[in-house]
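Student: Could you walk me through reading burial, contacts and ring geometry in a model of this kind?

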Amino acid sequence: MLVEARQLSKRFGDLKAVDGVSFDVQAGEAFGLLGPNGAGKTTTVSMMCGLVVPSEGDVTIDGHSVRTDTMAVRRAIGVVPQDIALYPTLTARENLVFFARMQDVPDRQIPARVDEVLQIVQLADRQRDRVETYSGGMKRRVNIAVGLLNRPRLLILDEPTVGVDPQSRNSILDTLKTLNAQGMTLLYTSHYMEEVEFLCPHVAIIDHGKVIAD
């Protein structure tokens with residue numbers, strides 16, 4: 001099992017944002033975490049990435065506990081956050097080179113790896129343009145490219161189609177479907193039922209911080 005989440009909980013003062021969430025994700029699977037806004041999806045993902053410390057419980061990814069071996073977990077995952085996490089005055093290529101260095105991709109491998117992820121997200125022809133000139137959908141695709149740079153065992157995507165037009169949304173979903181067919185494990189959060197139905201054979205439904213169906 002690539003991912004094992006066990007009784008994950010997180011409190012913020014009196015608010016219990018995540019309440020005993022447990023699920024498994026097999027290697028090569030596309031797993032959907034489906035729920036309304038405020039259900040606890042982003043907090044769950046943040047704990048999985050080591051960005052938020054669980055109040056209770058643990059999650060292991062590729063055999064490493066996020067509590068005791070956070071850096072090993074971060075090396076095993078790629079993350080596509082809900083918000084655009086790019087430098088707008090840099091080009092797509094410059095952004096990707098920067099984030100590849102941040103992710104400790106060896107210098108000699110960076111040019112080829114950047115070329116590869118630009119092809120995957122279909123932005124090679126616009127790589128020299130500044131990100132501030134991109135549409136919302138194109139920025140989302142660069143966000144995904146950043147998550148792929150370190151060849152992750154698990155790609156975590158937190159509502160990656162929020163605010164994009166239908167054509168860009170379909171392009172993103174088709175890209176992810178192809179990546180999964182090639183063997184990449186996906187964890188995809190969304191409140192769009194049709195996206196999860198299209199992409200994920202395995203779905204957990206979360207509401208009020210609890211998994212209510214799996």
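Tutor: Let us start with Thr-175, which is buried because its relative accessible area is 11%, where buried means under 20%, exposed over 50% and partly exposed in between, with a 1.4 Å probe and protein chains only. The model is predicted, so local features need pLDDT of at least 70 and side-chain atom pairs count only at pLDDT 80 or more, while totals for chains, interfaces and linings use all residues. Residues are numbered from 1 along each chain as its sequence is written, and side-chain values use heavy atoms, with hydrogens and water left out.

Student: Which residues does Thr-175 touch, not counting those up to four places away in sequence?

Tutor: With contact taken as heavy atoms within 4.5 Å, Thr-175 touches Ile-120 and Gln-122 once residues up to four places away in sequence are set aside.

Student: How many aromatic pairs does a search of the whole structure find?

Tutor: Rings of Phe, Tyr and Trp (its six-membered ring) pair if their centres lie within 6.5 Å, and planes under 30 degrees apart count as stacked, over 60 as edge-to-face and the rest as tilted. The search of the whole structure finds four such pairs. The pair of Phe-23 and Phe-31 is stacked, because the ring centres are 4.9 Å apart and the planes are at 20°; both residues are buried. Phe-98 and Phe-99, by contrast, are edge-to-face, at 5.1 Å centre to centre with 75° between the planes.

Student: Is Phe-99 buried or exposed?

Tutor: Phe-99 is buried, with a relative accessible area of 16%, whereas Phe-98 is partly exposed at 31%.
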